[in-house]
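Here is a short briefing on one protein structure. Look at the sequence and the 3D view, then work through the points below.

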Amino acid sequence: MFRQITETVFASPQIDLDSIAEAKALGIVRIVNNRPEGESDDQTPGADIEAAAEAAGIDYVAIPVTHSGFSQAQVDAMEQALDVDGPVLAYCRSGTRSTLLWALARAKAGDNPAVIASKAAGAGYDVTPIRQLIEMLSAGR
């Protein structure tokens, strides 16, 4: 269920409480929830994921992203969330918003846009919808 983007970053569709054990087994040290609360009736509440993660010794951060797009504050928050010693798991409904936010954070940090796109594609995600923004953020570094 978890798709590996880089050595230390995984993206996933909505996780549930059973997913915490899988994350722990992979050495995940932080879970990033990119899904707004109440987006669908079948999603596991963020507070439940947070409690289970913390009980397992995994840090939890919520950076909700709606379908309206990404803000600079969200990109900055994701960049900070990725700055941890160990693997990070980011999730949303399908994993796409998490991957796109990761891509923007890495572009802001100065990573090569082609490398970002390649890593996302390797995990089954397409950054084409935000490729121009990735180019702009990377060039502004």
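D59 is partly exposed, because its relative accessible area is 33%. Buried means under 20% relative accessible area, exposed means over 50%, and partly exposed lies in between (1.4 Å probe, protein chains only). This is a predicted model, in which local features need pLDDT of at least 70, side-chain atom pairs count only at pLDDT 80 or more, and totals for chains, interfaces and linings use all residues. Residues are numbered from 1 along each chain as its sequence is written, and side-chain values use heavy atoms, with hydrogens and water left out.

**Salt bridges**

- A search of the whole structure turns up 7 salt bridges. A salt bridge is a side-chain nitrogen of Lys or Arg within 4 Å of a carboxyl oxygen of Asp or Glu.
- One of them joins the side chains of D59 and R30, at 2.6 Å from N to O. This pair links distant parts of the chain: D59 sits in strand β4 (residues 59-62) and R30 in strand β3 (residues 30-33), 29 residues apart. Helices (H or I, at least four residues) and strands (E, at least two) are DSSP runs, numbered from the N terminus.
- Is R30 buried or exposed? R30 counts as buried, because its relative accessibility is 14%.
- The side chains of K108 and E79 also form a salt bridge, at 2.6 Å from N to O. This pair too links distant parts of the chain: K108 is in helix α4 (residues 96-108) and E79 is in helix α3 (residues 72-82), 29 residues apart.
- K108 is partly exposed, with a relative accessible area of 26%. E79 is partly exposed at 23%.
- A salt bridge of 2.9 Å, N to O, connects the side chains of E135 and R131. Both residues lie in helix α6 (residues 131-139), 4 residues apart, about one turn of the helix.
- E135 counts as partly exposed at 35% relative accessibility. R131 is partly exposed, with a relative accessible area of 28%.
- Which residues form a network? Salt bridges that share partners join R35, E39 and R97 into one network.

**Rings**

- How many aromatic pairs does a search of the whole structure find? The search finds 0. Rings of Phe, Tyr and Trp (its six-membered ring) pair if their centres lie within 6.5 Å; planes under 30 degrees apart count as stacked, over 60 as edge-to-face and the rest as tilted.
- R3 lies over the face of Y125, 4.6 Å from the ring centre. A charge sits over a ring if NZ of Lys or CZ of Arg is within 6 Å of the ring centre and within 35 degrees of the ring normal.

**Buried residues and their contacts**

- F2 is in the segment before β1 (3-4). F2 counts as buried, because its relative accessibility is 12%.
- Beyond residues up to four places away in sequence, F2 touches F10, A11, S12, I15, S19, E22, A23, L26 and L89. Contact means heavy atoms within 4.5 Å.
- F2 and G95 are 93 residues apart along the chain, and their C-alpha atoms are separated by 8.9 Å.
- T44 lies in the loop between β3 and α2 (46-55). T44 counts as buried at 16% relative accessibility.
- Leaving aside neighbours within four places in sequence, T44 is in contact with Q14, I15, D16, L17 and I49.
- A123 is placed in the loop between α5 and α6. A123 is buried, with a relative accessible area of 9%.
- Setting aside neighbours within four places in sequence, A123 is in contact with R3, Q4 and I5.
- The C-alpha atoms of A123 and T8 are separated by 13 Å, with the two residues 115 apart along the chain.

**An exposed residue**

- D18 is in the loop between β2 (9-12) and α1 (19-25). D18 is exposed, because its relative accessible area is 65%.
- D18 and A107 are 89 residues apart in sequence and 33 Å apart in space, C-alpha to C-alpha.
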